[in-house]
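This report goes through one protein model, beginning with a single residue and ending with the fold as a whole. Please keep the sequence and the structure in view while reading.

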Amino acid sequence: RYAYSNTNYTALALIAERAGGAPFANLQRARLFAPRGLALDECAAIRPAIARGNDDQGGAFALPPGLAGHVGNGGVCGSARELARWM
């Protein structure tokens, strides 16, 4: 059996926050995206539209605040053009 996990990316983002003295999203914008002229950002603006999770009983639940952005392991949003430029 194999199960993929992004835990190490999350841990690295938390280390970057501590070392950089700012939230990871701010560090991404300032150090990665803005210098390259990219308008990528965290997904906070679309958070209300993010699909809800389901528990093991089939009930729906909203993701807790702070988890929908997947700090360090995804959660970057932008137009298709901006994401293609990033790639």
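V76 belongs to strand β4, which covers residues 76-77.

Although V76 and A25 stand 51 residues apart in the sequence, their C-alpha atoms are 8.9 Å apart in space. A contact involving V76 is found at Q28, which touches both F33 and V76 once its neighbours within four places in sequence are left aside.

Q28 is a residue of helix α2, which comprises residues 24-33.

The buried residues of α2 are F24, A25, L27, Q28 and F33. Viewed down the axis of α2, these buried residues fall within an arc of 155°, so they line one face of the helix. On the other side of α2 lie A30 and R31, which are exposed. As background to this pattern, an α-helix has 3.6 residues a turn, so residues three or four places apart point the same way.

Which residue forms a salt bridge with R85? The partner is E82, and the closest N and O atoms of the pair are 3.4 Å apart, within the 4 Å cut-off that applies to such a pair. The count for the model comes to one salt bridge. In general terms, side chains of opposite charge can pair when their charged atoms come close.

Both R85 and E82 lie in helix α3, which spans residues 80-86, and they are three residues apart, or about one turn of the helix. The two partners fall into separate accessibility classes: R85 counts as partly exposed at 47% relative accessibility, while E82, at 13%, counts as buried.

## A nonpolar patch on the surface

Y2, Y4 and Y9 form a nonpolar patch on the surface, and together they have about 450 Å² of accessible area. Within this group, Y4 is located in the segment before α1, the helix of residues 7-20. Y4 counts as exposed because its relative accessibility is 57%, above the 50% limit.

## The fold as a whole

The protein has three helices and four strands, and from the N terminus on these elements run in the order α-α-β-β-β-β-α. Among contacts with a separation of 6 or more, 57% are between residues 24 or more positions apart.

Of the 87 residues in the protein, 15% count as buried. The protein exposes about 6600 Å², and carbon and sulfur atoms supply 58% of that area.

## Confidence of the prediction

The average pLDDT of the protein is 78, and 77% of the residues score at least 70.

Definitions and conventions:
Residues numbered from 1 in each chain as written. Predicted model: local features only at pLDDT ≥ 70, side-chain atom pairs only at ≥ 80, totals over all residues. Heavy atoms only, no water. Helix = DSSP H or I, 4+ residues; strand = E, 2+ residues; numbered from the N terminus. Contact = heavy atoms within 4.5 Å. Patch = residues over 30% accessible without salt bridge, like charges linked within 9 Å, V, L, I, M, F, W, Y side chains within 5 Å. Areas by Shrake-Rupley, 256 points an atom, 1.4 Å probe, with all protein chains shown as cover. Salt bridge = Lys/Arg side-chain N within 4 Å of Asp/Glu carboxyl O. Buried < 20%, exposed > 50% of the residue type's maximum accessible area, 1.4 Å probe, protein only. Arc of directions from axis to C-beta. pLDDT = per-residue confidence, 0-100.
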